[in-house]
Amino acid sequence: MKRFECLQAIAPLINRELFVTTAGGATAEWNGIHPSDANIQVKTLGLCSSIGLGLALSLPKRKVFVFDGDGALWMNLGSLATIGLHQPKNLIHICWDNQQYESSGGEPTVATAGKIDFAGIARNAGIKSCHEASTVEELKQAVTHSLAHDGPHFIWARIEAGRAESPPLQYDELENKYHFIRYVEETEGINIL
């Protein structure tokens, strides 16, 4: 399955959720499908799961999606244990596993060896709601379940390599951060800055 098809399938399910997206294709594709100040792009590989956890804990009544990559998650695998420890009910963590560092030239990740079971690792780290998806329908069902039930949730989406044509991002990461913060302030009725 292709990530872009998955994102198109879940976009109609989205209402007021926040999105933390990792560096690479997931960010560009999601912003092309669902442009919103509720999307924040994380350019530092490996940190979107930790940033998503912080948002979920700070805004417990708001669903927070993390769009991670297999390479990025591998760089911060300990975040799964921290998520398992804190049990944020509103966190939905999707790992888009294309078995490569796509943005930097397609070098294989450790997941390419076929011995890494991200859903199993998440489950063993204390995240009880873990799903595997290798079809668009399986992913859509997992996201639907995650939106309707308390989490945390982890979805391991095994996708094909490749990136869909997407319009360039409207803002650089610094400008995006401020748009995102202002959006959260406005929709939550709080002051952050």
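In which loop does Q87 lie? In this predicted model, for which local features need a pLDDT of at least 70 and side-chain atom pairs count only at pLDDT 80 or more, totals for chains, interfaces and linings use all residues. Residues are numbered from 1 along each chain as its sequence is written, and side-chain values use heavy atoms, with hydrogens and water left out.

Q87 is found in the loop between α5 and β4, where helices (H or I, at least four residues) and strands (E, at least two) are DSSP runs numbered from the N terminus. Just after α5, this residue takes a positive phi of about 50°, although Q87 is not a glycine. Most residues other than glycine have a negative phi, and most peptide bonds are trans. Q87 is partly exposed, with a relative accessible area of 30%; buried denotes under 20% relative accessible area, exposed over 50%, and partly exposed the range in between (1.4 Å probe, protein chains only). A further backbone feature is the cis peptide bond that joins G151 and P152, with omega about 10°, and P152 is placed in the loop between α7 (136-148) and β8.

In helix α5 (residues 78-86), the buried residues are S79, L80, I83 and G84. These residues cover an arc of only 145° around the axis, which puts them on the same side of α5, the arc being that of the directions from the helix axis to the C-beta atoms. An α-helix has 3.6 residues a turn, so residues three or four places apart point the same way. The cover over the buried residues of α5 includes α3 (48-58), α4 (70-75), β4 (91-97), α6 (118-124) and β8 (153-158), with contact meaning heavy atoms within 4.5 Å.

The structure holds 7 aromatic pairs; rings of Phe, Tyr and Trp (its six-membered ring) pair if their centres lie within 6.5 Å, and planes under 30 degrees apart count as stacked, over 60 as edge-to-face and the rest as tilted. One of these pairs, formed by F19 and F67, is tilted, at 5.5 Å centre to centre and with 55° between the planes. Because F19 lies in strand β1 (residues 18-21) and F67 in strand β3 (residues 64-69), the pair ties together parts that are 48 residues apart in sequence. F65 and F67 form an edge-to-face pair, at 6.0 Å centre to centre and with 65° between the planes. F19 is buried, with a relative accessible area of 0%. F19, W30, F65, F67 and W96 form one aromatic cluster.
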